[in-house]
Amino acid sequence: VAAQLGVVFALMIGAGLLMNSLYRLSQIELGFNPENVVALEMSVGPRIWQATDRYVAFQTELLERVRALPDVAAATLTFSLPPYPQGRMAVGLRNGERVGGVSRVVTSGYFDALKIPLLRGRDFPARPDYRLEKSVIVNHAFASRYLAGNPLGQYVQTGPEWRAVMAVVGNAREWTIREKPDPTLYLPFSPPNVTPRRFSLVVRT
């Protein structure tokens, strides 16, 4: 009997610790709202993947048709959703400094789909625009830490390219929900620079 009571008490303590952990997690401000959001992993064949014009047409038609469906509030394409990381990258600043940041490739509608607030500037265009291929959107953490003054129009280097900041969005826990939001860069999901075979269609209803 004593052994059984010991097991019961151990289970009760474990359950209490689990509930306490779940409660703490529920109090974390994620910076995005996952409610009423569904994601579908998709892939395209080489006939589309290897031809930029077909890829652009497919991407544009897919988003337009999904956004036109009843009860769809927003739709976007991306590689992955938070808190599953897409990657980290080295970022160059105009002063020669190299800093780190979380990166995510998205189309327009990503911030509406996850309800990440747009603080300054504007979203990527609904249709792929080659003039904005070298643009970037950053979160508040990146702008406040690395971009003095007005961040819009300032340039950051990702790989060999310098990109102009076109918007600042609220902080979201893109990397992990247990740590504060990292400085984050959102790159345009725009052919011909980005033509992945696999991606996720994300819809808010």
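**Aromatic pairs in a predicted model**

In this predicted model, Phe58, Phe79, Phe189 and Phe199 are joined by ring pairs into a cluster.

Me: How many aromatic pairs does a search of the whole structure find?
Reply: The search of the whole structure returns 7 aromatic pairs.

Me: Why is the pair of Phe111 and Tyr186 called edge-to-face?
Reply: The ring centres of Phe111 and Tyr186 are 5.0 Å apart, and a pair requires centres within 6.5 Å; the planes stand at 85°, and planes over 60 degrees apart count as edge-to-face, so the pair takes that name.

Me: What makes this a pair that ties together parts 75 residues apart in sequence?
Reply: Phe111 belongs to helix α4 (residues 110-114) whereas Tyr186 belongs to strand β9 (residues 184-188), so the pair ties together parts that are 75 residues apart in sequence.

Me: Why do Phe111 and Tyr186 count as buried?
Reply: Buried means under 20% relative accessible area; Phe111 has a relative accessibility of 3% and therefore counts as buried, and Tyr186, at 0%, therefore counts as buried as well.

Me: What makes Phe142 and Tyr146 an edge-to-face pair?
Reply: For Phe142 and Tyr146 the distance is 5.0 Å centre to centre, with 70° between the planes, and the cut-off for edge-to-face is over 60 degrees. Because Phe142 and Tyr146 are 4 residues apart in helix α5 (residues 140-146), about one helical turn separates them.

Me: How do you know that Arg94 lies over the face of Trp162?
Reply: Arg94 is at 4.4 Å from the ring centre of Trp162 and lies over the face of that ring, where the distance limit is within 6 Å.

How values were computed:
Residues numbered from 1 in each chain as written. Predicted model: local features only at pLDDT ≥ 70, side-chain atom pairs only at ≥ 80, totals over all residues. Heavy atoms only, no water. Phe/Tyr/Trp six-rings, centres within 6.5 Å; stacked < 30°, edge-to-face > 60°. Helix = DSSP H or I, 4+ residues; strand = E, 2+ residues; numbered from the N terminus. Buried < 20%, exposed > 50% of the residue type's maximum accessible area, 1.4 Å probe, protein only. Lys NZ or Arg CZ within 6 Å of the ring centre and 35° of its normal.
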